[in-house]
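Have the model at hand and read along with me.

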Amino acid sequence: MKKIKKTYQFRIYPNKSQKQLIEKTLGCSRQVYNDFLSMCIESYNKDNNSIVKKYDLIKLLPAYKEKFPYMKEVDSIALQQTVVHLYDAYVSFFRHNTKQPRFKKKKDDYGYITMNINNSIRIEWGEIQIPKLGWVKIVDHRNIPFSFTYSMVSISRRGKFYYVSLMGEEEEPIDIEKVLNNCLDVYNSIGLDFSLSHLAVDSDGNHIDMPKYYSQSLEKLAREQRKLSHMKKGSNNYTKQLLKITNLHERIANQRKDFLHKLSRKYADNYDYVFVEDLDLKGMSERRDKLRLGITIFDLGYGKFLNYLDYKLKWLGKKLIKINRYYPSSQLCSTCGYRKSDLLLSNRTWTCPECGDNHDRDLNAAINIKKEGIRLVLNPSN
């Protein structure tokens, strides 16, 4: 059966000594990255035609650890993976014209990667065993399939929160897709229209109101940022206040993700097809006008919602279909098909001069999106 790459992330609760070891590992990884990056740059400056080989860099680690004995206290695999990632970034810079690797700062310490060798990392009874850290309390809020095999594990910190991510492969549950594909009911479908005032409006008439968590916290964020601006950069109080702001941003992000995961799960479970417009959200967010679309679109998280919805539908053998962004979904009468070409963005309701139906702009668009989606499914060549 076909294997697919997948990652499972869980919250962990390390104790005080484990937190110190995580921070020490992050610091050592940063030092290794910066020192080995200097070696790469120095080597390239001497000979512009040569790039240090990956395994030559890894072979330097034992001597490097002898020079800095405290390096032996942390996970050796994490240091090796740091060198591997540095090498990949450095080679990619020369071969694929990506950004040049830059030296890491302490604020860049978000996580490190280690390997699952001979079942050295395993989850049992609400705890996970991690090399050097030992057993750490974990919130295993979801079941991992038996077919899932992982080799790489990431331990990360965002603010005061710690996470572990298991990265590996599992069997795709959907060769059933080929079986289900002919069993999907195109009429068990729904159209979604993006709405700045809500989040989306669906063709069943539901207005999905997304709590604007970032906007609700702007006043508090501004207050905490003002406090930070009066503190001496680099002081203990500055570091504590910066962490407080980071935690607030993390809380907002988690609230948004929780809402969007639950909403996307609802649609994925209840419909075989979901039809949406292929919007240029990035272009919309970069508009610098009085609508402040950037903040609004960021706060709604519509793009993230579509990503969640897409993979959840695929996982169930169902489909998310995007229709052309230039399709005039708002201008067409969903009853008779008349097109009102002079419809303005400010017109939230309008009456069709042909059939006389009064339309809510977003609901009418959602219905038209569903109709167009059904047409594309039934007549893909047209």
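My entries go from the whole chain to the sheets, and then to single residues.

**Ground rules**

I worked on a predicted model, in which local features need pLDDT of at least 70 and side-chain atom pairs count only at pLDDT 80 or more, while totals for chains, interfaces and linings use all residues. Residues are numbered from 1 along each chain as its sequence is written, and side-chain values use heavy atoms, with hydrogens and water left out.

**Whole chain**

I looked up the secondary structure and found 12 helices and 14 strands in the protein chain. Here helices (H or I, at least four residues) and strands (E, at least two) are DSSP runs, numbered from the N terminus. Along the principal axes, the C-alpha atoms fill a box of roughly 85 × 60 × 50 Å. Of the 382 residues, 42% count as buried; that word stands for under 20% relative accessible area, with exposed being over 50% and partly exposed in between (1.4 Å probe, protein chains only). I also looked at contacts, meaning heavy atoms within 4.5 Å. Among those with a separation of 6 or more, 70% come from residues 24 or more positions apart.

**The seven-stranded sheet**

In what order do the seven strands of the open sheet run? I read β2-β6-β7-β1-β5-β4-β3, with antiparallel pairing; two strands pair if DSSP finds at least two bridges between them. β2 (111-115) and β3 (122-124) are the edge strands, each pairing on one side only. On average, neighbouring strands of this sheet are turned by 35° against each other, direction ignored. For such angles, axes are lines fitted to C-alpha atoms, for helices over the stretch in contact, and the values run from 0 to 180 degrees between N-to-C directions.

Helix α1 (residues 16-46) packs on this sheet and touches β2, β5 (134-139), β6 (149-158) and β7. The direction of α1 makes about 95° with that of β2.

I then followed the pair β1 (residues 3-13) and β7 (residues 161-171), which run antiparallel and are joined by 10 bridges. K3 stands opposite E171 of β7.

**The five-stranded sheet**

A second open sheet has five strands in the order β10-β9-β8-β11-β12, and its pairing is mixed. Its edge strands, β10 (207-208) and β12 (319-323), each pair on one side only. Helix α11 (residues 302-315) packs on the sheet through β8, β9 (200-202), β11 and β12, with its direction at about 135° to that of β12. Helix α12 (residues 361-378) lies across β8, β9, β11 and β12, and runs at about 130° to β8.

Strand β8 (residues 189-194) and β11 run parallel, with three bridges between them. I190 has V274 in β11 as its bridge partner.

**E277**

I stopped at E277, in strand β11 (residues 273-277).

The side chain of E277 does make a polar contact of 2.9 Å with that of S329. (A polar contact is a pair of N or O atoms within 3.5 Å; within protein, one must be able to donate a hydrogen and the other to accept it, and residues adjacent in sequence count only if both atoms are side-chain atoms.) Leaving out residues up to four places away in sequence, E277 touches L192, D193, I323, R325, Y327, S329 and I369.

**Salt bridges**

A search of the whole structure gave me 14 salt bridges. I noted three of them.

- E224 and K244 meet at 3.8 Å, N to O. The pair links distant parts of the chain, with E224 in helix α7 (residues 218-229) and K244 in helix α8, 20 residues apart. E224 is buried at 4% relative accessible area, whereas K244 is partly exposed at 44%. E224, K227 and K244 are linked in a network of salt bridges.
- E66 and K72 have their closest N and O atoms 3.0 Å apart. E66 is exposed at 54%, and K72 is partly exposed at 43%.
- K340 and D342 come to 3.3 Å between the closest N and O atoms. K340 is partly exposed at 21%, while D342 is exposed at 53%.

Notes
A salt bridge is a side-chain nitrogen of Lys or Arg within 4 Å of a carboxyl oxygen of Asp or Glu.
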